Amino acid sequence: MSDLRSLSKEELIVLYSKLEKDFQRIKDKNLSLDMSRGKPSPEQLDLSLDLLTISSDSLHVLEEIDVRNYGSLDGLLETKQLFAEILQVNTSEVIIGGNSSLNMMYDTVSRALLHGVIDSNIPWAKEEKVKFLCPSPGYDRHFAICELLNIEMITIEMLDDGPDMDKIEELVKEDKYIKGIWCIPKYSNPDGTTYSDEVVDRLAKMKTKAPDFKVFWDDAYTVHHLTDKPSQLKNMLQACKDAGNPNRVFIFASTSKITFPGSGVSAMASSEENIHFIKKQLVIQTIGPDKINQLRHVHFLKDLENIEQHMKKQAEIIKPKFDMVTTILESQLSHLNIASWSNPKGGYFISLNTLDDCAKETVKLAAEAGVTLTNAGATFPYGKDPRDRNIRIAPTFPSLTELKTAIEVLCVCIKMASIKKLLKN
């Protein structure tokens with residue numbers, strides 16, 4: 001089969017008829033495969049079972065407090081030391097949260113709306129409007145926070161080295177209502193892009209009309225490498241300090257895809273001034289997160305070197321899945337000139353682009369065939385992909401056998417959607 005766009009209408013109709021028969025055979029199998037979210041597989045979770053073996057003899061901590069009781073508003077010192085090493089910041093620049101970094105992001109935005117941030121003149125909610133920049137394709141849950149809290153979203157194109165900085169600098173220089181930007185700077189969701197040093201520096205030093213502009217730096221995949229040559233990300237907090245904007249960035253991370261997603265530990269890092277400002281608000285919100293779970297993670301993960309060894313075991317499980325996806329896509333689609341995809345060095349997703357106006361149809365066909373994918377458009381603000389072409393593939397959870405079936409089905413659906421599109425032209 002050659003480039004679909006070089007075929008005549010008659011040839012496309014014949015090919016579509018053949019694909020329809022293949023599609024019906026797939027439907028007759030009554031498949032039920034879910035690739036809608038990036039979840040660790042049971043085999044990955046099994047690597048962390050020793051988390052459950054902490055004994056009462058291990059409940060001693062540096063501060064000499066009883067971890068079974070109330071207290072330690074911003075987390076145990078040992079846990080802050082662990083995340084400080086992961087994020088390359090000082091221990092005094094870390095706050096520990098519960099099991100979800102998304103929860104910490106939501107709370108941080110909510111507090112800014114209610115009370116402003118350290119350099120606000122008024123709470124954000126008292127502004128005429130609040131806007132966030134949203135590099136896209138991006139993380140649907142970031143966008144959902146904005147939509148729920150009535151924050152206007154501005155789509156920013158993702159380039160090979162990060163978001164379109166020319167556009168960002170142009171916008172923030174003139175618009176005082178742009179208060180923030182969402183960033184997944186390392187192995188971004190879903191493209192797998194790592195921001196270049198230049199992008200980091202430009203975000204840190206750019207002139208903004210809003211004096212209280214903030215970068216929400218979701219470093220979710222900072223240790224989630226798939227190769228022996230991991231991508232390197234410049235330290236954003238240090239870049240902000242060097243640029244004279246030490247309070248600009250809020251960094252978020254968690255152990256959700258390192259240990260147990262439902263029982264992990266999250267953290268937030270920022271300047272000491274920001275941390276002090278936030279802690280004054282946290283003292284009303286909470287008496288402190290789960291210290292026993294923090295201690296479990298400290299004993300199990302130990303330090304960055306041990307984490308890296310643990311993540312190599314994770315990579316041994318999931319790398320073959322990523323390789324399988326790209327191999328099938330290459331063999332089934334590369335010669336047809338109807339799709340392109342990322343080949344990430346880390347993270348949890350593969351980003352696939354169909355022909356324009358084909359993603360929704362592809363996802364719909366896949367669902368009819370028993371394969372559930374992330375909704376088309378989910379990787380853009382308001383769920384609206386302006387070109388209707390991006391599909392996020394989450395390879396980690398299914399078995400290799402299930403994954404092979406799912407991607408083969410996806411390829412059939414892409415071919416069918418593409419031919420429909422070409423026949424309309």
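Predicted model: local features only at pLDDT ≥ 70, side-chain atom pairs only at ≥ 80, totals over all residues.
What covers the buried residues of α3?

Residues are numbered from 1 along each chain as its sequence is written, and side-chain values use heavy atoms, with hydrogens and water left out.

**View 1. Helix α3 (residues 77-87) is mostly covered.** Of its 11 residues, 8 are buried (under 20% relative accessible area; exposed is over 50%, and partly exposed is in between, with a 1.4 Å probe and protein chains only). Among them are Leu82, Phe83 and Ile86. The cover includes strands β2 (94-96), β8 (249-254) and β9 (266-269), plus helices α10 (291-301) and α11 (304-333). Helices (H or I, at least four residues) and strands (E, at least two) are DSSP runs, numbered from the N terminus. Just after α3, look for Gln88, with its positive phi of about 60 degrees.

**View 2. Lys241 and Glu93 join up in a salt bridge.** Their N to O distance is 2.6 Å (a salt bridge is a side-chain nitrogen of Lys or Arg within 4 Å of a carboxyl oxygen of Asp or Glu). Lys241 sits in helix α8 (residues 236-242) and Glu93 in the loop between α3 and β2, so the pair ties together parts that are 148 residues apart in sequence. Glu93 is buried at 3% relative accessible area, while Lys241 is partly exposed at 32%.

**View 3. Asp191 is buried yet has no salt bridge.** You'll find Asp191 in the loop between β6 (178-183) and α7 (197-205). The nearest side chain of opposite charge, Arg389, is 7.8 Å away (Lys and Arg count as positive, Asp and Glu as negative; His and the chain ends are not counted). Leaving aside neighbours within four places in sequence, Asp191 is in contact (heavy atoms within 4.5 Å) with Pro137, Met158, Ser342 and Ser351.

**View 4. Phe349 is buried in a loop.** That loop runs between β10 (339-341) and β11 (350-354), and Phe349 has a relative accessible area of 5%. Beyond neighbours within four places in sequence, its contacts include Tyr221, Phe322 and Ile393.
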